[in-house]
Amino acid sequence: MSNVETLTSKETTAMLRKALKAIYPGVKFSVRSDRSSMSSSVRISWEDGPTTKEVEEVANGYEGSSFDGMIDMRYNRDSWLAPDGRAYFAGTKGTAGSMGVVPPCEEPAPVKGCRRVRFCLDSVFCSRKYSRAAIDAVLSTLKGKGAPEGIYTVRGDDDWGYSIDTNASAHADWLYWRQEAYKVMQAYHAEDDKKAA
């Protein structure tokens, strides 16, 4: 499509950072770009706050390309850039014309005043990490449910985030407690997401 404005990966990264700050005030995001001779990408990480899926829904609008693994081919994607700086998928020619499996697709502008752009950013990767306070709150809930002493081990650090491991040798019902940890973690995340909203 003609009249599509192209934005550099540096401009795109700045817009993405600004959009995340506006949508999730109070959440500290690390937005780091990574460029090579063949591609450019951005890695987004944050602690607690919104889910990975929620951040991906924002970030995916800023991707300027995608990949068809059936024919090992990268193809362009256009986006709608709204007046508030938020980006939404606009369309692609796909790969069907090159014997691929991605059909052409067009989406209408989601709000008035959008302009059609192409971002020079191939991929966005999102990674939510969990604070020690979040893990401790989950462990406290599990203890209240009767989790045996020594069944859980906390792994990680402040830089990479924390996670809970189940010690299989610590208790005969370790599989039950692993599933229980997963359920409690999901419930905690849902509650944490409400607080961040």
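**Calls and cut-offs in a predicted model**

Trainee: Which residues does S131 touch?

Mentor: S131 touches E47, D48 and Y162, leaving aside residues up to four places away in sequence. Contact means heavy atoms within 4.5 Å. This is a predicted model: local features need pLDDT of at least 70, side-chain atom pairs count only at pLDDT 80 or more, and totals for chains, interfaces and linings use all residues. Residues are numbered from 1 along each chain as its sequence is written, and side-chain values use heavy atoms, with hydrogens and water left out.

Trainee: What makes the S131 and D48 pair a polar contact?

Mentor: The two side chains make the contact at 2.7 Å. The term needs a pair of N or O atoms within 3.5 Å; within protein, one must be able to donate a hydrogen and the other to accept it, and residues adjacent in sequence count only if both atoms are side-chain atoms.

Trainee: Why is S131 called buried?

Mentor: Its relative accessible area is 9%. Buried means under 20%, exposed over 50%, partly exposed in between (1.4 Å probe, protein chains only). So S131 is buried. S131 sits in the loop between β10 and α3 (132–144). Helices (H or I, at least four residues) and strands (E, at least two) are DSSP runs, numbered from the N terminus.

Trainee: Why is E56 called partly exposed?

Mentor: E56 has 31% relative accessibility, so it counts as partly exposed. E56 belongs to helix α2.

Trainee: Which residues of α2 are buried?

Mentor: In α2 (residues 52–59) they are V55, V58 and A59.

Trainee: How do you know that they lie on the same side of α2?

Mentor: They cover an arc of only 95° around the axis, so they share one side of α2. The arc is that of the directions from the helix axis to the C-beta atoms. On the other side of α2, K53 and E57 are exposed. The buried residues pack against α1 (9–23), β2 (29–35), β3 (40–47), β7 (87–92) and β10 (123–129).

Trainee: Are C105 and C114 buried or partly exposed?

Mentor: C105 is partly exposed, because its relative accessibility is 28%. C114 is at 17%, so it counts as buried.
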